[in-house]
Amino acid sequence: MTDSIFTEAYFAKSFEDPQPIAAFKNAIASENEQLKLRFNPAQSPTDLLSENAGFIDNLLSACWTHFLADEADHQALIATGGYGRSELFPYSDIDILIVLNQEFSDKTQNGLSAFSNFLWDIGLKPGLRTCFTSECVAFALQDQTIFTSLLEMRLVNGNADLFEALSKQIINTQLWSSERFFLAKMSEQEQRYSKFHDTAYNLEPNIKEGPGGLRDIQVISWVFKHHYNAHSLRELIRYGFLPRSEYDSLVAARDILWRLRFALHCLTSRCEDRLLFDHQREMADLFGHTDEDGNPDVEQFMQFFFKTVVDIERLNEMLLQLLNERLINNHETLTPSPITANFSSIAGYLEVSHEDVFQNHPLALLEIFLLLQQSPSLKGIRASTIRLIRKSLSLIDEDFRRNKQANRLFIEILRQPRGITHQLKRMNRYGVLAAYLPDFANIVARMQYDLFHIYTVDEHTLFVIRNLRRFALNKHSKELPFCNNIFLLTPKPDVLYIAALFHDIAKGRGGDHSSLGEKIALDFCKQHSLSRQDSKLITWLVRNHLLMSMTAQRKDISDPDVIHNFASQVGSIEYLNYLYLLTVADIRATNPSLWNTWKDALLKELYIATHRALHRGLQNPVAHSERIKETQKEAHRELIKLGISKRAISTSWQHLSGDYFLRYSADEIAWHTIAIAASTEEELPLVLLRPQTQRGSAEIFVYTRNKAQIFSICTGTLDHLGLTILDARIITTEDQYVLNSFQVLEQSGEAINDLYREIHICDTLRQGLINKKVSLSKNIHKQSRQARHFPIETSATLLDNPHSKHTTIELITTDYAGLLSTIGKAFTELNIQLHDAKITTIGSRAEDMFYVTDQNGQPILDPQEKARISATILRYLADKN
């Protein structure tokens with residue numbers, strides 16, 4: 001610690017400056033700059049935190065004396081919260097309490113107002129509370145958060161007697177008993193965890209408030225200090241809560257988070273506690289991480305952070321459990337209740353019968369988790385046994401992993417009717433899962449640095465298993481009832497859980513993680529003596545876990561050929577059931593914002609169509625002509641029922657190609673036909689909107705004469721209206737009318753549910769088509785803040801499909817307002833006919849598929865023409881960017 005020029009006397013003299021506010025601001029800026037210069041990411045910032053608190057002490061004391069004058073000694077200026085602990089980060093709020101003497105006067109009031117205003121004027125952000133001692137005690141009695149902040153208060157200046165009187169009342173256990181305070185902090189922690197979806201392992205974690213963050217350590221500190229009137233966490237050793245080694249681990253983990261938080265404050269020059277994308281690369285560089293062997297610096301840095309969080313979560317669990325025993329249960333009267341030869345129950349927690357259980361019976365390291373599943377009354381594992389598990393992890397060696405009894409125990413855990421997710425999470429937290437499955441160790445705390453996966457790979461994997469488990473439970477049946485029904489058709493749920501466990505296990509190794517994972521899964525199946533049939537299904541699922549989502553989102557699933565090809569790859573209804581459930585669980589565990597009614601309906605539609613194809617038999621695929629006749633018949637029957645004449649139907653359909661009846665459902669065709677039959681030439685363009693379709697999205701239908709740039713105008717207008725286009729189908733009739741339909745959602749992912757909004761959309765789009773230009777509305781399409789950190793290389797690839805009459809253009813680029821409109825303009829220049837489009841946008845990444853022909857309706861086969869098309873599209877996109 002260095003001697004600072006910013007003493008109390010220095011600040012007192014600063015009031016003589018002609019511009020005291022500027023003088024104080026300069027001092028604060030100078031101090032913050034010095035803190036930044038002296039901060040070393042490799043060393044604990046303890047001294048810097050204390051020094052900063054001392055700097056603020058001097059500043060506040062000078063202000064206190066200046067503004068309150070002779071009243072300063074009659075009132076008490078008290079530091080609370082982090083400031084009270086002398087753990088003050090550079091840009092943290094300054095929490096202060098002013099305790100008033102009963103002889104409170106207008107002069108005092110004026111002085112306090114001037115004092116408070118001055119602090120705000122010089123740029124501090126004081127969290128200031130003013131009250132009498134009796135009021136302060138009453139507030140603390142009612143609100144545990146106020147009581148908590150007072151546990152670590154210290155006098156900065158003023159009346160020491162007032163401070164001591166308040167301290168004695170706060171220390172009084174009658175105000176908040178140890179038991180009541182403990183339960184209040186547990187409830188608060190539970191609510192705090194829920195705000196972060198009970199996980200710290202997401203892309204932009206909160207160092208302070210997230211699970212495993214600094215707040216978890218503070219909770220331990222508050223409960224412990226309150227009960228034992230302890231002055232530091234070191235006394236955890238004295239009272240037998242932690243051995244010295246674990247105390248050192250706790251302090252080391254806290255220091256890492258302190259270093260990270262201090263660095264964030266320095267980088268951002270504000271009170272920033274979130275590891276946002278904006279700062280992760282700088283932080284990785286600051287903490288000495290560099291790219292190596294395909295392992296990016298950012299992913300290394302985040303893995304370093306998440307491993308710290310794992311340690312804190314585990315220590316938090318252990319210490320709170322021990323405190324629960326001491327404070328809630330009578331520790332002296334706790335007696336073990338034998339369950340097996342190796343384990344007993346103490347206060348509802350599993351405890352080893354003696355210290356040598358794991359040494360003498362290593363398989364007990366797995367048995368303990370199975371026992372928890374089979375005994376639902378048990379609350380968990382006792383802290384001393386958790387400690388013993390950690391010490392015994394070296395026993396899970398290669399011989400252990402090849403032990404057939406250990407293999408049977410692990411499989412049995414996955415076959416239990418309850419507790420699978422909870423126990424796998426426990427096994428992961430205690431290090432057992434990584435020890436038993438060394439390949440799993442590679443994905444523990446591994447962050448995938450992209451916009452899709454917001455959790456670490458291990459956390460994502462466990463979320464997938466959790467989602468699969470929810471399909472089995474009646475209490476969650478209302479979430480996705482179709483999945484619950486399919487789950488009942490899966491005879492071996494454990495096969496699903498094993499496939500989920502391995503589906504991403506090869507992430508971070510380079511290469512295709514699906515094929516690499518398949519090999520790892522196969523070795524597991526062989527070692528665990530799974531049947532050949534089960535092994536084949538598990539490895540197939542691991543290799544093909546992306547197949548269904550890619551097919552649904554990137555191919556035309558109204559095409560019988562696409563369905564037949566997909567069904568051929570799946571092979572059986574049994575495999576389809578397993579793949580469908582794994583696909584839904586995987587998407588929902590990747591990023592909650594990726595799942596919406598559109599994806600739900602799309603996957604369900606693909607499942608049903610594939611189920612029909614498999615039921616019919618792959619050797620007997622549905623012919624296009626048969627599908628067309630069936631759809632026409634169904635739509636005709638529905639229209640007659642609605643009172644539409646056969647003549648009107650015939651007139652509306654006479655120029656439509658078979659493609660139309662392949663790519664639209666009978667329900668959609670009936671809707672279109674009614675509108676077309678009722679319209680006249682003068683009323684065109686016809687623009688209609690159905691707010692809710694079978695796919696959960698809104699459908700916008702356009703019927704008009706075929707003219708240039710219709711697609712570009714439509715897409716540009718819809719984008720400016722703040723709509724996300726999910727799918728586009730374009731049909732041109734023989735007499736040159738177009739039927740364009742767009743499946744859309746609001747950019748929030750919600751359906752359109754406002755009548756005025758529906759009318760506005762239709763009217764704006766119609767005017768745009770009439771005026772042959774995009775009708776500009778307020779464009780609410782915004783690129784996410786995170787997207788700036790993921791530059792996407794633009795590519796436009798033309799793909800051949802010998803069995804299709806279309807050529808597919810695969811476009812990958814950064815999504816932006818007007819992207820589809822730009823593509824439409826390129827197609828117009830190229831004289832390309834667009835027949836269909838699959839629009840997939842994840843975050844700011846657009847992965848769109850366009851099904852096109854040349855102007856004569858033929859696939860584009862010439863390599864030079866393909867190159868020209870690709871170059872033109874890239875030119876349009878480059879000009880736009």
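Q: At what angle do the axes of helix α9 and helix α14 cross?
A: Start with how axes are drawn. They are lines fitted to C-alpha atoms, for helices over the stretch in contact, and angles run from 0 to 180 degrees between N-to-C directions. Helices are DSSP runs of H or I with at least four residues, strands are runs of E with at least two, and both are numbered from the N terminus. Here α9 covers residues 178-195 and α14 covers residues 297-327. Their axes come within 10 Å and cross at roughly 150 degrees. That makes α9 roughly antiparallel to α14. The cut-offs: angles under 35 degrees count as roughly parallel, over 145 as roughly antiparallel, 65 to 115 as roughly perpendicular, and the rest as oblique.

Q: Is the crossing of α9 and α14 left-handed or right-handed?
A: A crossing is left-handed if the near helix is turned anticlockwise from the far one by less than a right angle, and right-handed if clockwise. The crossing of α9 and α14 is left-handed.

Q: Which residues of α9 and α14 meet?
A: Contact means heavy atoms within 4.5 Å. From α9 come Ser178, Glu179, Phe182, Met186, Gln189 and Tyr193. From α14 come Asn316, Leu320, Leu323, Asn324 and Leu327. The contact of α9 with α14 divides into six nonpolar, four polar and one charged residues. Ala, Val, Leu, Ile, Met, Phe, Trp, Tyr, Cys and Pro count as nonpolar, Asp, Glu, Lys and Arg as charged, and the others, Gly among them, as polar.

Q: What should I know about the model itself?
A: This is a predicted model: local features need pLDDT of at least 70, side-chain atom pairs count only at pLDDT 80 or more, and totals for chains, interfaces and linings use all residues. Residues are numbered from 1 along each chain as its sequence is written, and side-chain values use heavy atoms, with hydrogens and water left out.

Q: At what angle do α10 and α14 pack?
A: Helix α10 (residues 214-228) packs with α14 at about 25 degrees, with the axes 9 Å apart. That makes α10 roughly parallel to α14. The crossing is left-handed. On the α10 side, the contact includes Ile217, Val223 and Phe224. On the α14 side, Leu319, Leu323 and Arg326 are among the residues. By class, the contact of α10 with α14 has 12 nonpolar, two polar and two charged residues.

Q: How do α23 and α25 cross?
A: Helix α23 spans residues 457-470 and helix α25 spans residues 493-502. Their axes come within 8 Å and cross at roughly 160 degrees. That makes α23 roughly antiparallel to α25. The crossing of α23 and α25 is right-handed. Thr461, Val464, Ile465, Leu468 and Arg469 of α23 make the contact with Leu496, Tyr497, Ala500 and Leu501 of α25. The contact of α23 with α25 has seven nonpolar, one polar and one charged residues.

Q: Is Ala728 buried or exposed?
A: Buried means under 20% relative accessible area, exposed over 50%, and partly exposed in between (1.4 Å probe, protein chains only). Ala728 is buried, with a relative accessible area of 1%. Ala728 sits in strand β11 (residues 723-732). Leaving out residues up to four places away in sequence, Ala728 touches Phe711, Ser741, Phe742, Asp836 and Ala837. Ala728 and Phe850 are 122 residues apart in sequence, but 9.2 Å apart in space, C-alpha to C-alpha.

Q: Where is Asn32, and what does it touch?
A: Asn32 lies in helix α2 (residues 20-38). At 8% relative accessibility, Asn32 counts as buried. Not counting residues up to four places away in sequence, Asn32 touches Pro90 and Tyr91.

Q: Which residues have a positive phi without being a glycine?
A: Ala445 is one, at about 65 degrees. Ala445 is in the loop between α22 (438-441) and α23. At 1% relative accessibility, Ala445 counts as buried. Lys772 is another, with a phi of about 55 degrees. Lys772 is in the loop between α37 (755-771) and β13 (795-799). Lys772 is exposed, with a relative accessible area of 55%.

Q: How many helices and strands are in the protein chain?
A: The protein chain has 39 helices and 17 strands. Of its 881 residues, 57% count as buried.
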